[in-house]
Amino acid sequence: MSPIAYTGIIIAIAVVLFITNKVPVVLVAIGTALGLWATGVLTLPQALSGFGDPAVIFIASLFVVSSGLEVTGVTAWAGQLLIKGAGEESRTRLLLLMMGLVALLVALISLNGAVAALLPVVVVIAVRLKRNSSQLLMPLVFAGHAGSMLALTGTPVNVLVSEAGLDAGVGGFGFFEFALAGVPLLAGTMAIIILFGERLLPQRNGATMPADFSRHAKTLVEQYGLASGIHQLRVRTTCPYVGAPSSAVALDEWPGLQLVAIQDGDTAGPLRRTTIAEGDHLLLRGDAEAAASFAAQMHLAFREERASDSEETLFNRRSGLAEVVIPPRSGLIGQTVFPGMVTESGDLIILAVQRGAGEDPSGGAAKAAGVVLQAGDTMLLQGTWKALDTHLDDPDVLVVSSPELVRRQAVPMGPGAKQAIIILFAMVLMLATGVVPSAVAGLLAAGAIVLCGIMTVEQSYRAISWTTVILVGAMMPLSTAMIETGAAKMMADHLVALVGDAGPTALLAGLFVLTAVLGQLISNTATALIVIPIGVAAAASMGISPRPVLMSTAVAAAGAFLTPIATPTNLMVMGPGGYVFSDYWKLGLPLLIWFFIVAVFIVPLIWRF
C-alpha cells in the first residue's frame, strides 16, 4: 500500500478508538505515532518529534504557571470576582462573563495560554456553585476559539493569512481588522451556548474534581465549638508584657478567659523567643466582653479584622487550620495533650480535641488535666501554612483535608500572589509582543514560579497534566504524515477542482469544509499552511480578490470543535470536564454551522470579492 493509504487507515483506526473510548486515549495517541513509524510513513525521529515540539513544551510550562496562580490563591480570587459579578443563581450571567473574559484574553495571548490560566478558575467556580464542570469547561474553550478571531495575535493562523495577503499583493489585515468577523463569531457562539448548551452538554464532573473548601474554616470552627470564643490581641508598645517572658501573661483576674497561645508577630507561628515583643499576638479563648476588658487594661489591640470573627482570626493569608485523626498504632496514642499546647515541632498549636461523635474527651475538665489520646481522636491544629504543609506529613496522624488544597480554594491572594501575577503579566507581554518564542516565554515564566519559591521543582512536576502533554506530542506526527505523503494536498486539489467553477461563494464553502475537516484531525496551523496557497491560487484563477478567501480560511481554521484532538485546549478540558469523544460534536456542530455562515456569507459582505 502507498503511504497515503497507510495514513488514512491509521487515522480511521485512531478516530474509531477515540470515539468508542474503550482504550485509554494516551495509548491510542502513542499507538498512532508508532503506527506511522511501523508502516514506514515516517522515520522514528519524525514519529517521536512531537515530544520535543516547542508547542508541547509551551503547554507543559503553562500548567506550571497555572498551578502557581492556583497555589497562591490568585485563581480563587478571580473565581470569587466572577461569582460576585455573575451571582450564584444566574447561569446566563456566569457564562457571559466567563466567555467574554476568555475571549479577550485569547485575543492578546495564545488560546493555550488563556485556557490554561482560566481552567482552574472555572473548576473552582464549578465546585463553589455546585455546578457540573462539563457545563462550563467546553463553553470556556469554544468561546476561546471564537475569541481568537478578535485580533491579529489571537492565533498563528491570523498571522499566516495576513502575510499571505501581503505576498499576494492585496495587503495584510490590520491588528483589529479580524474583529469584524470575530465579533459576530463570538456573539453567535455565546448565544448558541447560552440557549442550547445546557441540553447539548453532559451533566457530569471530572474524576479529579476537588472538594469545596470555600467554607472550610467556618465548618471547623463550628464543629470544634470555637465560633464565638477565639480572640487575637496585638501587643502594643505601651503593653506591660513587652520584654517580659511568656509566663508573665496571667489571667487569674479574668476567669472567663484562657490563653491559647502567644504568636510571633513576624512569622504568625508560636512564639519561640524568651520574651514578648511589640507586634506579637495573644490568642485567647473566652467571652468577648472579658477579652475587651483585658485588652483595654493591658494596652492590647484587637487585630484589624472583626474582633469577634474566629474564622478570620484563625484562618487567613498567613495561617490556617488543619484537622487530623489519630490512626491505630500511632505513636501519639497514650500521650497527654490539651488545648493551647504547642506541638513538639514548636510550629503548631492544638486548639481542640474531639472523640467519637464530637464529644469533648476531657468531659469538660480543666485545661490542666489534659486529654489522653486514643485511636480515632481528632485534633484541630493551627499554624502557618508552611508549618502545616511541612509537619503534617507524619505517619502518626492522618490529615483529613490537605492544607495545600484548602489554601488554594479558600485563601484568595495568599502568599506569593503578587509575584505570580507579575510573572503572568510578564509572560503575556512576551507573548503579545513576540519578543521571544512562545515556548521560551512559557519556560521563563515556569522557571520564575520555581525561583520565587511559589512552587518547588517536585510540585511543578506534579502540576503538569502529563496525559495532555503525551496526547499532544504523540498526535503531532499525524500532521507531518498528512503533509509528507501529500494526502492533505490531494484532498485539497480534488475539492477545489470540484467547486471551482460554481462561483466564489461555492469556493468559500468548499474551502471551509476542507479546512474544517482537516482541522479536526491536524493542527490549525498545519491546516492553514495547506489550504492558504490553494485558496489564493483558486482566487487568482477565478479573477477575485484573495482577501475574503483568506479571512474565510481563518474563520474555518478557528472552528475546531468536533473532536478532542482538534486542538490542545480541547484536550485540556477533557479530564476536568469528564468528557468523552462524542460530547464534542454535539455542541460543536451547531457552532461549526454558525462559523460556516459567517465564513461563507458574512465575510464577503465585509471583504468584497
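**Figure 1. Cysteines C452 and C239 in the predicted model.** C452 counts as partly exposed, because its relative accessibility is 42%, where buried means under 20% relative accessible area, exposed over 50%, and partly exposed in between (1.4 Å probe, protein chains only). C239, in contrast, has a relative accessible area of 4% and is therefore buried. The structure holds zero disulfides, a disulfide being a pair of cysteine sulfur atoms within 2.5 Å. This is a predicted model, in which local features need pLDDT of at least 70 and side-chain atom pairs count only at pLDDT 80 or more, while totals for chains, interfaces and linings use all residues. Residues are numbered from 1 along each chain as its sequence is written, and side-chain values use heavy atoms, with hydrogens and water left out.

**Figure 2. The open sheet β2-β3-β1-β4.** Four strands with antiparallel pairing make up this open sheet, in the order β2-β3-β1-β4. Helices (H or I, at least four residues) and strands (E, at least two) are DSSP runs, numbered from the N terminus; two strands pair if DSSP finds at least two bridges between them. On average, neighbouring strands are turned by 35 degrees against each other, direction ignored. Axes are lines fitted to C-alpha atoms, for helices over the stretch in contact, and angles run from 0 to 180 degrees between N-to-C directions.

**Figure 3. Bridges of β1 and β3, and the helix on the sheet.** β1 (residues 230-235) is joined to β4 by three bridges, and the two strands run antiparallel. R234 has A301 as its bridge partner in β4. Helix α12 (residues 288-297) packs on this sheet and touches β1, β2, β3 (281-286) and β4; its direction makes about 5 degrees with that of β1. Contact means heavy atoms within 4.5 Å. Between β1 and β3 there are five bridges in the antiparallel sense, and in β3 the partner of R234 is H281. Six bridges join β2 to β3, also antiparallel; A261 is paired there with L283 of β3. Five of the six residues of β3 are buried, so the strand is largely enclosed by the rest of the structure.

**Figure 4. The open sheet β7-β9-β5-β10.** This open sheet has four strands in the order β7-β9-β5-β10, with antiparallel pairing. β7 (348-354) and β10 (398-399) are the edge strands with a single partner each, so one side of each has no neighbour in the sheet. β5 (residues 319-325) and β9 (residues 378-384) run antiparallel and are joined by seven bridges; V324 has M379 as its partner in β9. Helix α11 (residues 216-223) lies across β5, β7 and β9, at about 60 degrees to β5.

**Figure 5. Helices α23 and α26.** The axes of α23 (residues 546-558) and α26 (residues 581-606) come within 9 Å and cross at roughly 170 degrees. The two helices are therefore roughly antiparallel, a term for angles over 145 degrees. P548, M551, S552, V555 and A558 of α23 meet F595, A599 and V603 of α26. Of the contact residues, seven are nonpolar, one is polar and none is charged. Ala, Val, Leu, Ile, Met, Phe, Trp, Tyr, Cys and Pro count as nonpolar, Asp, Glu, Lys and Arg as charged, and the others, Gly among them, as polar.

Figure 6. In α8 (residues 137-147), 11 of the 11 residues are buried, so the helix is largely enclosed by the rest of the structure. Among them are L137, F142 and H145. R91 belongs to helix α6 (residues 91-108) and counts as buried at 17% relative accessibility. Leaving out residues up to four places away in sequence, R91 touches R131, Q135, I193, I194, G197 and E198.

Terms used: Angles under 35 degrees count as roughly parallel, over 145 as roughly antiparallel, 65 to 115 as roughly perpendicular and the rest as oblique.
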